[in-house]
Amino acid sequence: MIRPNIQQPVANKIAVRMVIISITVLFIYFCQPVLMPLAFSAIIALLLYPLCRFFERNGFPRTPSALLSMFIAICILAGIIFLLSSQVYRFVGEWPELKEKFSDAMNDFEWFMFKNYNIQITTDPGSLFSGNATKFWDSGAVLLGGTISTFLAIINFLGLLPFYVFLMLLYRTAFKEFCLNITGVEKHRIVLRILYEVQKVVQNYIIGLITVMAIVATLTSTALFIIGLDYALFFGCLAAALMVIPYLGLIIGALLPAIYALLTKDSGWYAVAIIASFAFIQFMEGNIITPKITGGRVNINPLAAIIALVAGGWLWGMGGLIISLPFVAMLKVVLSNVPSLRHYGFLLGTEIYSRKRRMHK
């Protein structure tokens, strides 16, 4: 007599879930041109929702409230772009000169190693870095060009964002009713709680991130200005923007002005001062600024955050890097409120770390 395999139902469930996840990932990957503007619009709409509600409570109809909220957001974004545009334009104009200085610096380094330590990498000292430095810089130019192309692609679909955001703010009640209608009456309370928590977690994350980025941009720009580096505002804002990459963003942001200082200044102490300043700012950001502002309201553990960034970058490139963390936070809210999926939400969060810390206390 053959005994029934009691593990078969569990295996079937795992297989079904893996198939659903695979189909979802493929759908997200191949539908990027349609889904990316919608995803960014949803985040922006959730961010502007409190402002829109403020105008509505003060007597404005919904349509003017949505338009006024969008107008304020566009004015703020335009002001930031205008503030940075002159420095970006000047920096791009210096690119050929920086490329030549970089090649010369690599040649000088090879000659220094040959004369002082008798390390002869090639038969013609100075030839190795002369060619490879140019290739390295050209690859950097290609990378910068790819980043600019990605940025321009984002600018292209920015034309769709105002329409999407406006319609999402205008028809938000319809979205809410849709979520309620596709579930049973007994689950309406759970659905309403999920919608409320998703709204709050996105607002907490975005507002907290913008606040921290503004503080870091101010600190880094001020430090670079005091050190005497050109384009202090540009490098400071760039370092703040790289904060979307946890733990490594400020390190990458420090290397760029340090290399620029080595190429344009007559002393290496400028680069040392820049690295030291960024190290101090990163310590302040990680231990004081971010904990005080976010207050642990977006509880995504570092492993889940890094995996989300890698997956987002693979699926949607630069746009995926920017939008991955808020969507993981939203996913955690949904999983944590569905009883059958609650363990997955627990895996994404920091609750286990907090529990162990309380036990040790």
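Me: How exposed is Arg53, and how should I read that value?

Reply: This is a predicted model. Buried is the word for under 20% relative accessible area, and exposed for over 50%. Arg53 comes out at 26%, so Arg53 counts as partly exposed.

Me: Which residue does the side chain of Arg53 meet in a salt bridge?

Reply: Side chains of opposite charge can pair when their charged atoms come close. Here the partner of Arg53 is Glu56, with an N to O distance of 3.4 Å. Both residues lie in helix H2, which covers residues 32–57. They are 3 residues apart, which is about one turn of the helix.

Me: Is Glu56 buried or exposed?

Reply: Glu56 counts as buried, because its relative accessibility is 16%, under the 20% limit.

Me: How many salt bridges are there in the whole structure?

Reply: A search of the whole structure gives 3. Arg53 with Glu56 is one of them. In another, Arg62 pairs with Glu56, the closest N and O atoms being 3.6 Å apart. Arg62 is partly exposed, at 27% relative accessibility. Arg172 also meets Glu56 through its side chain, at 2.7 Å from N to O. Arg172 lies in helix H7 (residues 172–181) and Glu56 in helix H2, so this pair ties together parts that are 116 residues apart in sequence. Arg172 has a relative accessibility of 14% and therefore counts as buried.

Me: Now the nonpolar side. Which residues touch the most other members of the largest nonpolar core?

Reply: In soluble globular proteins, nonpolar side chains tend to be buried together. In this model the largest nonpolar core has 28 residues, and Val202 and Trp316 touch the most other members. Two or more residues of this core come from each of H2, helix H8 (188–227), helix H12 (302–316) and H13. A second, separate core holds 25 residues, among them Ala217, Ile227, Tyr231 and Ala258.

Me: What does Trp316 touch, not counting residues up to four places away in sequence?

Reply: Trp316 touches Ile28, Gln32, Leu35, Met36, Ala39 and Ile323.

Me: Where does Ser324 lie, and is Ser324 buried or exposed?

Reply: Ser324 is part of helix H13, residues 318–337. Ser324 counts as buried because its relative accessibility is 7%. With neighbours within four places in sequence left aside, the contacts of Ser324 are Ala308, Leu309 and Gly312.

Me: How many aromatic pairs does a search of the whole structure find, and how do I read the angle between the planes?

Reply: The search finds 7 aromatic pairs. Phe55 and Phe60 form one that is edge-to-face, with 5.8 Å centre to centre and 75 degrees between the planes. The term edge-to-face is used for planes over 60 degrees apart, while under 30 degrees counts as stacked. Phe55 is buried, at 11% relative accessible area, whereas Phe60 is partly exposed, at 40% relative accessibility.

Me: What geometry does the pair of Phe235 and Tyr260 have?

Reply: Phe235 and Tyr260 form a tilted pair: their centres are 5.5 Å apart and their planes make an angle of 45 degrees. The pair links distant parts of the chain, since Phe235 is in helix H9 and Tyr260 in helix H10 (residues 249–264), 25 residues apart. Phe235 counts as buried at 3% relative accessibility, and Tyr260 counts as buried at 5%.

Me: Which residues do ring pairs link into a cluster?

Reply: The cluster consists of Tyr231, Phe234, Phe235 and Tyr260. One of these residues, Tyr231, is also included in the second core of 25 residues.

Me: One last residue. Where is Gly228 found?

Reply: Gly228 is found in the loop between H8 and helix H9, the latter being residues 232–241. At 31% relative accessibility, Gly228 counts as partly exposed. Gly228 and Ala261 are 33 residues apart along the chain, and their C-alpha atoms are separated by 9.5 Å.

Terms used. Residues are numbered from 1 along each chain as its sequence is written. This is a predicted model: local features need pLDDT of at least 70, side-chain atom pairs count only at pLDDT 80 or more; totals for chains, interfaces and linings use all residues. Side-chain values use heavy atoms; hydrogens and water are left out. Helices (H or I, at least four residues) and strands (E, at least two) are DSSP runs, numbered from the N terminus. Buried means under 20% relative accessible area, exposed over 50%, partly exposed in between (1.4 Å probe, protein chains only). Contact means heavy atoms within 4.5 Å. A salt bridge is a side-chain nitrogen of Lys or Arg within 4 Å of a carboxyl oxygen of Asp or Glu. A nonpolar core is a set of buried Ala, Val, Leu, Ile, Met, Phe, Trp, Tyr and Cys residues joined through side-chain atoms within 4.5 Å. Rings of Phe, Tyr and Trp (its six-membered ring) pair if their centres lie within 6.5 Å; planes under 30 degrees apart count as stacked, over 60 as edge-to-face and the rest as tilted.
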